[in-house]
Amino acid sequence: MKIAVCIKQVPDSWAQKTMGSDGRLDRASVDAVLNDLDEYAIESALKLVEANSPTGEAGEGSGHSITVISMGPERATEALRKALSMGVDDAILISDEALAGSDALATSKVLATAITAGGFDLVICGTESTDARMSVVPAMLAERLSFAQLTFAASISLEGSTVKISRQTEFGVEEMSAQLPAVVSVVEKINEPRYPSFKGIMASKKKPLVIKSLAEVDIAAADVGSSAAWSCVKDSLPRPPRGAGIKVTDNGDGGSQLAAFLAERKLI
Amino acid sequence: MSEVIILVDSVAGKVSKATAELATFGKKVGSVTAVICSSDSAALLPQLSTMAIDKVITCTGVDFEKHSTGATAAALAEVVNSIKPSAVLIASTARGKEIAGRLAVRCESGIITDAIDLDADLITTQSVFGGSTTVHSSVTHGTPIITIRGNSIEAIVGSSTPTHEDFPVSYDGADKAVVSSLAPAVKGGRPELTEASIIVSGGKGTDGNFAPVESLADALGAAVGASRAATDAGWYPHSFQVGQTGKTVSPQLYIAAGISGAIQHRAGMQTSKTIVAVNKDADAPIFDVADFGVIGDLFAVLPQVTEAVTAKKG
Ligand SMILES: Cc1cc2nc3c(=O)[nH]c(=O)nc-3n(C[C@H](O)[C@H](O)[C@H](O)COP(=O)(O)OP(=O)(O)OC[C@H]3O[C@@H](n4cnc5c(N)ncnc54)[C@H](O)[C@@H]3O)c2cc1C
Ligand SMILES: Nc1ncnc2c1ncn2[C@@H]1O[C@H](COP(=O)(O)O)[C@@H](O)[C@H]1O
């Protein structure tokens, strides 16, 4: 089985994020990290291969392969290296000046093209990138690829060519299954991502990481990037920070003071 | 006059409050056509008569619940292609966003998610970066597909007599995944987290004892929420988790008790209108976003509030 894991490099979630004058997130000024929700996707792929490998390990000899794919600036190779050091086999970065400002539609188009070219039969994603927070790329990939969609998985298993997941939705706890090929997104409850070992870090340096331009994946520059984005930001304003709130120390009447505040605001 | 499509959002045969809110936003733009994609359509239809809806279209011929979002997006795309609305409005739930994403691909249309406001010219307002920035955007290509967060508007209630028609759709296998079993969520007596106008949440600081949180919630007619530390410990079901990987909520009042206010928790509640925190630790980051904070023990403070609220109700 050929597994692709889609990962994104994002600004550190603790960083103060601001909008640039072009109506896009100012990424240059903040630390970039591997989207933490995507670490669970990487771990899921590793676990799935380990469970279905004669040696109990991922990598050569497992009969399966795991490729991490990302679309982003060259700096995103750092995130891909981290995934390689966790144990995936190889990495592809699609990077091109023309991609700057792409919306989710363009992102999913680029990723879907790379997935088709690679002949993958299982795609694993995180549920959300912590910067854009749209949570739509996995569903868009399923739509574009005509793969089965199994999103928000809290557990995943493979029986032959059937993928099974369980998930919690508004409706309750659902068991879902589908034949490969499929797109799965995983929630953070699914596992505990491993830390790269020293051996893993050393080994990752020799693993293949290719950077592809748009031309190399056969996508026209006019179809992506800010000029092709189908929605546009008109303006963005920093919201005035919440005025420093009232803070009281409970000396026996903290609850009453709180109740008085609620009454004053007509909340009770 | 322009026509706006809203997708009827429902759980277990009950139309959600979000649907009435979508209709209210739709009215700002034009006439409202509600589309039902559900095997419960017969039960849902009469519930729409209290909402600002002019026409109802029921998509028939597909077991939507079994096939999940791909089938719904495919059906909706057929309706969009047939009536060419000026926009499609969908609730910003996990499911709603997936449907919107797939629909955007199918209809080659731009998409905006998590809007908190929408004007007559279809310009949306979003609150991003944990509520620190307000963004106005619009869709520039195709039929604008917009998902709107719950609790963003006071829904118009009244009575309407929408016209109704069936719209047969064909299942094109767009979603090959099937739901093989469903253990329905147990409904308690409290309001739905995403619909509630007041939420009382408990965290690690409850030490597993949610009684003071629940008592206050019941006195206020509120929903109960929990931090991930509390759901991970098994003190409260995962479906009650508020935060980045739980529910995003935006009630009139959010009370966080024994919750430190980690960035992932704040991501799900920071846009609440009024935020109250009760925490023993004066330096807990939750106080940075709180309008009113009590530094103290929740086991002492919450019961006192409950008592005051109960007394006020008389
Ligand atoms: C990928 C990822 C996703 C996550 N998603 C979410 C999410 O969706 N939602 C979420 O909530 N978290 C999420 N988290 C976890 C988050 O980082 C925090 O660990 C979590 O929110 C902490 O929960 P807490 O505030 O209840 O616990 P703690 O951080 O342990 O805080 C407990 C607080 O209770 C106070 N306290 C203790 N006893 C009392 C008392 N008697 N009275 C009053 N106060 C008391 C303490 O002072 C402390 O501030 C996520 C983490 C990761 C890595
Ligand atoms: N630029 C990208 N490159 C690779 N994967 C991505 C990218 N953007 C989003 N994804 C994947 O899609 C998931 C959901 O992202 P989003 O829809 O942006 O919230 C992420 O967790 C990733 O798995």
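This is a predicted model: local features need pLDDT of at least 70, side-chain atom pairs count only at pLDDT 80 or more; totals for chains, interfaces and linings use all residues.
Local features need pLDDT of at least 70 and side-chain atom pairs count only at pLDDT 80 or more, while totals for chains, interfaces and linings use all residues. Residues are numbered from 1 along each chain as its sequence is written, chains are lettered from A and ligands numbered from 1 in the order in which they are written, and side-chain values use heavy atoms, with hydrogens and water left out.

**Domains of chain B**

Chain B is divided into domain 1 (3-168) and domain 2 (198-313), with bounds from an automatic or database domain assignment. Their centres, taken over C-alpha atoms, are 31 Å apart. Six residues of domain 1 of chain B are in contact with six residues of domain 2 of chain B (heavy atoms within 4.5 Å). The two domains of chain B bury about 430 Å² between them, 50% of it on carbon and sulfur atoms; buried area is the accessible area (1.4 Å probe) that two parts lose on being put together, summed over both. Of the area that domain 1 of chain B buries against domain 2 of chain B, 80% is supplied by B:G130, B:R149 and B:N151.

**Ligand 2**

Ligand 2 is surrounded by 20 residues, and the closest include A:C6, A:I7 and A:S129 (a heavy atom within 4 Å).

| Residue | Protein atom | Distance |
|---|---|---|
| A:D38 | polar side-chain atom | 2.5 Å |
| A:V136 | backbone N or O atom | 2.9 Å |
| A:G126 | polar backbone atom | 3.0 Å |

Taken alone, ligand 2 exposes 480 Å², of which the protein buries 98% (Shrake-Rupley method, 1.4 Å probe).

Technical notes
A polar contact is a pair of N or O atoms within 3.5 Å; within protein, one must be able to donate a hydrogen and the other to accept it, and residues adjacent in sequence count only if both atoms are side-chain atoms.
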